[in-house]
Amino acid sequence: MEALVASAVGILTAAGIFLILRRRTFPVILGLSLITYAVNVFLFATGRLALDAPAVLNKYEDVPYTDPLPQALVLTAIVISFGMTAVIVMIALSAYLSSKDDHIDMTAQDSVDAPGEDA
Amino acid sequence: MNHWIVAPIVLPAILAPFIIMVLRYHLDLQRIFSVAGVIGLLGIALTITAQASGGDIQVYELGNWPAPFGIVMVLDRLSAMMVLLTALLALPIVLYAIASGWDERGKHFHALFHFQLMGVCGAFLTGDAFNLFVFFEVLLIASYGLMTHGGGAVRLKAGVQYVAYNLLGSTLFLFALGTLYGVTGTLNMADMAMRVAELPADDTALLRVGAVLLLLVFCIKAAVLPLHFWLPASYANAPLPVAALFAIMTKVGAYSILRMYTLGFGPEVEATQGLIGAWLQPAALVTLAIGTIGILGTQHIARMVAFCAIASMGTLLIAISLFTETATAAALYYIYHSTLATALLFLVADFVMERQGGSIEPKTPMPQSGLISALFFVGAIALAGMPPLSGFIGKLLVLDASRDAPDANAIWAVVLIGSFVTIVGLARAGSLIFWKSHDAQHNPTPEAEEKILAQPAPEPNAGLAFTSVFGLVLGLVMLTLFAGPALNYAGKTAEQLFTPEHYISAVLGGEE
């Protein structure tokens, strides 16, 4: 279990970083999504891994339980990363449509030494 | 419970959706409500600053859940002064955005503006680490909208870079929080500080990882070298009034460093020893150096001001990284100064760009160049740290506080040489833009020149635009005139920061 979760986080992060270092927008966004998946799984593990245990305390008997707080955190993190990914897709799309170019880096002519209105 | 504490978050949180949903098609009403909202925020900020200045730390328990189980808002001197700074900065900027017509170049400027204010105020007030993350996201997502406000291919492209960089930063923040939660089992800052102190010394490897990750996240926000690469392109390509508002965003990073590292990860905690002194201080020195080199090297006025922002963050973080009470007081004074001065220069840069474009080279003269060059001169003096304005006092305080530091020589050398290079860079830009405006190709006849100079200003309401910029100048002048009281407040704030026991007992009071 531990090895599975740890390697899942590791592989997702590694793949995400590899994709983020690409030059075009689409792989970069995919890489960001993979990294957010990795962090979601990682947050789950911060409450320690417990199998088949409910996320509530049982006040009548002493049964194993899993920490509910990380689950709430993951929920928040999922919602936020979901929204952020949607935003970056839209901005990237309009950047692509207005410049006909989906490279993430600035080219020489739209380099920031001639930004905004001057370009 | 004192409900004023949550008011700086609730007011923009209600106002922004109201503007979107009810006033969507009424720009005039949007403007009225937006300005009224900012004035209201200023009133609230003044009230809570007055309440906090007594030295009591007040806690607001959301949903009446006691800490550490519920999320708390904490009002101490530091959060109060930062909220006040946010409101003071927002007022001239929103007036400028209205006067210059920037708010009609795209949709939802005012709503996004207030969401941004909500995120910033929330980040300053919260006492919960995960809640800090959430407010970071609120201010970031609003800033994405503001940064790409008005559109344009280059701006959108810079926007993609900005969003991607910050998305990565947010992910890093989550990793840091997860690690810290795994070690301490809590997310409440005060509770975390207590548990960190109780942790056995041989069980701190994960804590160290968490603390380093957290510092990295805050350094991304504060644009500390080598994590500053997002800043010049984003700020220079954003609408410049928005860039002026973003002057507070780098300070959110600086605030978070101060808050977390005075509270829980100070030098007395063995696990995180050396993090501030050994790592942050050299990084801050290099940040200042690179910022000043950027000021000297760039060919574009907005980019030059962005490098000014980086350089002033360098000075600020040098003061923070000294980690003594006097140095922190100096840093707090410098936060006020550098935020106002950077915003001032961004607005002046907007005047210039609206009239003759942003490149720093000889061009034909522009209308109102006398007034604009005077404002540029004031802003340049303030940012470079020359007398008589507050930049001089701020830098003097930082240098004075670093006198006994082990690296005092390096700090003095970098700050002083940096100031000199800044002066040279700003003087070069100013003289090229305002004085050598007669190059051989564009040299107009005297009559033509008079015609150009008599042209009306491009801003729809130039009077208000200039008034709002003079408001920022007034802020700097007041900061200089009342440096004594301001420093007195900053000193007491630093004293409060360096006795974290009060903060902890105020938040967790019920338990003891």
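This is a predicted model: local features need pLDDT of at least 70, side-chain atom pairs count only at pLDDT 80 or more; totals for chains, interfaces and linings use all residues.
**Stop 1: chain A**

Select chain A. The secondary structure here comes to three helices and zero strands, and the order from the N terminus is α-α-α. Chain A has 119 residues, of which 32% count as buried. Among contacts in chain A with a separation of 6 or more, 51% are between residues 24 or more positions apart.

Next, select Lys100(A), in the segment after helix 3 (68-99) of chain A. Lys100(A) has 7 C-beta neighbours inside 10 Å, so it counts as exposed.

**Stop 2: where the chains meet**

Show both chains and select the residues in contact between them. Chain B gives 38 residues to this contact and chain A gives 35 residues. On the side of chain B that touches chain A, the elements that give two or more residues are helix 5 (129-147), helix 6 (153-184), helix 9 (230-237) and helix 12 of chain B. Color helix 6 of chain B separately: with 18 residues, helix 6 of chain B provides the largest share of that side. By class, the side of chain B that touches chain A has 20 nonpolar, 14 polar and four charged residues.

**Stop 3: helix 2 of chain B**

Which residues of helix 2 of chain B are buried? They are Gln30(B), Arg31(B), Phe33(B), Ser34(B), Gly37(B), Val38(B), Leu41(B), Ile44(B), Ala45(B), Ile48(B), Thr49(B) and Ala52(B).

**Stop 4: helices 3 and 4 of chain B**

Keep helix 3 and helix 4 of chain B from the previous selection. Their axes are 9 Å apart and the packing angle is about 165°. Angles over 145 degrees count as roughly antiparallel, and helix 3 of chain B is therefore roughly antiparallel to helix 4 of chain B. The crossing of helix 3 and helix 4 of chain B is right-handed.

Show side chains for the contact:

- From helix 3 of chain B, select Ser79(B), Met82(B), Val83(B), Thr86(B), Ala90(B), Val94(B) and Ala97(B).
- From helix 4 of chain B, select Phe109(B), Phe113(B), Leu117(B), Val120(B), Cys121(B), Phe124(B) and Leu125(B).

The contact of helix 3 with helix 4 of chain B divides into twelve nonpolar, two polar and no charged residues.

**Stop 5: Arg259(B)**

Select Arg259(B), in helix 10 (residues 240-263) of chain B. Is Arg259(B) buried or exposed? With 26 other C-beta atoms within 10 Å, Arg259(B) is buried; the cut-off for buried is 20 or more.

Arg259(B) and Ile39(B) are 27 Å apart in space, C-alpha to C-alpha, and 220 residues apart in sequence.

**Stop 6: helices 11 and 12 of chain B**

Select residues 275-297 for helix 11 of chain B and residues 301-322 for helix 12 of chain B. These helices pack at an angle of about 155°, with their axes 7 Å apart. Helix 11 and helix 12 of chain B are therefore roughly antiparallel to each other, and helix 11 of chain B passes helix 12 of chain B in a left-handed crossing. The residues of this contact comprise 15 nonpolar, nine polar and no charged. Helix 12 of chain B is also one of the elements on the side that touches chain A.

**Stop 7: backbone details in the loops of chain B**

Switch to a backbone display.

- Leu225(B) and Pro226(B) are joined by a cis peptide bond, with omega about 0°. Pro226(B) is in the loop between helix 8 (205-222) and helix 9 of chain B.
- Gln368(B) has a positive phi of about 60° and is not a glycine. The loop between helix 13 (325-356) and helix 14 of chain B holds Gln368(B). With 19 other C-beta atoms within 10 Å, Gln368(B) is partly exposed.
- Pro387(B) to Pro388(B) is a cis peptide bond, with omega near 10°. Pro388(B) is in the loop between helix 14 (369-384) and helix 15 (390-401) of chain B.

Terms used:
Residues are numbered from 1 along each chain as its sequence is written. Chains are lettered from A and ligands numbered from 1 in the order in which they are written. Axes are lines fitted to C-alpha atoms, for helices over the stretch in contact, and angles run from 0 to 180 degrees between N-to-C directions. Helices (H or I, at least four residues) and strands (E, at least two) are DSSP runs, numbered from the N terminus. Angles under 35 degrees count as roughly parallel, over 145 as roughly antiparallel, 65 to 115 as roughly perpendicular and the rest as oblique. A crossing is left-handed if the near helix is turned anticlockwise from the far one by less than a right angle, and right-handed if clockwise. Ala, Val, Leu, Ile, Met, Phe, Trp, Tyr, Cys and Pro count as nonpolar, Asp, Glu, Lys and Arg as charged, and the others, Gly among them, as polar. Two residues are in contact if their C-beta atoms, placed from the backbone, lie within 7 Å. A residue is buried if 20 or more other C-beta atoms lie within 10 Å of its own, exposed if 12 or fewer, and partly exposed in between; C-beta atoms are placed from the backbone.
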